[in-house]
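Here is a short briefing on one protein model. Keep the sequence and the 3D view open as you read.

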Amino acid sequence: MQFKLSNEVKTGMILFAGIFILVWGINYVKGKDFFSYDTKVFVVYPRVDGLISSNPAILNGLKIGTVRSLKIIPDNTGRILVTLNINNDISIPKRSMAQIYSADLLGAKSIRIILSNNTENISNGDTLNADIQQSLGEGINQQVAPIKEK
């Protein structure tokens, strides 16, 4: 006896597979991968200067993770909690710094991980120290300020 699938069942299976591939593809483009387990790390910044979800986290020029989310901390200080997903195969010492910097001349932001000399590594849920690199405009204003005062 041979088992036959009706056209409706075949159509349903194709539709289900298509929806699954669509959802996975959209999340993959956003930088989220269902099949990898990353270390979740937090950083608290006073401002983020254009940082958005899925921006890269860089260590010595190599992408080691992504910005997962940005949320305002509800304590009326205006600070922003940034969640990073870091690859599990990367060891980052505790007390390392996560610095927001301009990745290009157009102002796209990334996070640079600056390693500390600590021997103990971070684990899932730890918090890194925060820093924000001075922007090009701020640097120019700082150098031109003495000239303006004359």
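From the N terminus on, the protein chain runs α-β-β-β-β-β-β-β-α. That makes two helices and seven strands. Helices (H or I, at least four residues) and strands (E, at least two) are DSSP runs, numbered from the N terminus. The model is predicted: local features need pLDDT of at least 70, side-chain atom pairs count only at pLDDT 80 or more, and totals for chains, interfaces and linings use all residues. Residues are numbered from 1 along each chain as its sequence is written, and side-chain values use heavy atoms, leaving out hydrogens and water.

**Overall shape**

- The protein chain has a radius of gyration of 22 Å, while a compact globule of 150 residues would have one near 15 Å. This radius is taken over C-alpha atoms, and the globule rule is 2.2 Å times the number of residues to the power 0.38.
- Along the principal axes, the C-alpha atoms fill a box of roughly 95 × 40 × 35 Å.
- Of the 150 residues in the protein chain, 27% are buried. Buried means under 20% relative accessible area, exposed means over 50%, and partly exposed lies in between (1.4 Å probe, protein chains only).
- Take the contacts in the protein chain with a separation of 6 or more: residues 24 or more positions apart account for 58% of them. Contact means heavy atoms within 4.5 Å.

**The nonpolar core**

- A nonpolar core is a set of buried Ala, Val, Leu, Ile, Met, Phe, Trp, Tyr and Cys residues joined through side-chain atoms within 4.5 Å.
- The largest such core has 21 residues, and Y45, V82, L84, I111, I113 and L128 touch the most other members.
- Each of β1, β2, β3, β4, β5, β6 and β7 supplies at least two residues of this core. β4 gives the most, with four residues.
- Which residues does L128 contact, leaving aside its neighbours within four places in sequence? They are V41, F42, V43, I92, S96, A98, I113 and I122.

**A buried residue in a strand**

- N85 is found in strand β4. N85 counts as buried because its relative accessibility is 14%.
- Setting aside neighbours within four places in sequence, N85 is in contact with D38, T39, K40, I64, G65, T66 and R68.

**Salt bridges**

- Side chains of opposite charge can pair when their charged atoms come close.
- A salt bridge is a side-chain nitrogen of Lys or Arg within 4 Å of a carboxyl oxygen of Asp or Glu. By this rule there are four salt bridges.
- R47 and D49 meet in one of them, at 3.0 Å from N to O. R47 is partly exposed, at 36% relative accessibility. D49 is partly exposed too, at 35%.
- R79 pairs with D75, and their closest N and O atoms are 2.8 Å apart. R79 has a relative accessible area of 36%, so R79 is partly exposed. D75 has 32% and is also partly exposed.
- E120 and K94 form a salt bridge at 3.4 Å, N to O. E120 lies in the loop between β6 (109-114) and β7 (127-132), and K94 lies in the loop between β4 (80-87) and β5 (97-102), so the pair ties together parts that are 26 residues apart in sequence.
- Salt bridges that share partners join K94, E120 and D126 into one network.

**Positive phi angles**

- Most residues other than glycine have a negative phi.
- S54 has a positive phi, near 75°, and is not a glycine. S54 lies in the loop between β1 (38-45) and β2 (56-59). S54 is partly exposed, with a relative accessible area of 33%.
- N76 is not a glycine either, yet has a positive phi of about 65°. N76 lies in the loop between β3 (62-72) and β4.
- Is N76 buried or exposed? N76 counts as exposed, because its relative accessibility is 82%.
- N76 and D126 are 50 residues apart in sequence, and their C-alpha atoms are 23 Å apart in space.

**A charge over a ring**

- R112 lies over the face of Y101, at 3.9 Å from the ring centre. A charge sits over a ring if NZ of Lys or CZ of Arg is within 6 Å of the ring centre and within 35 degrees of the ring normal.
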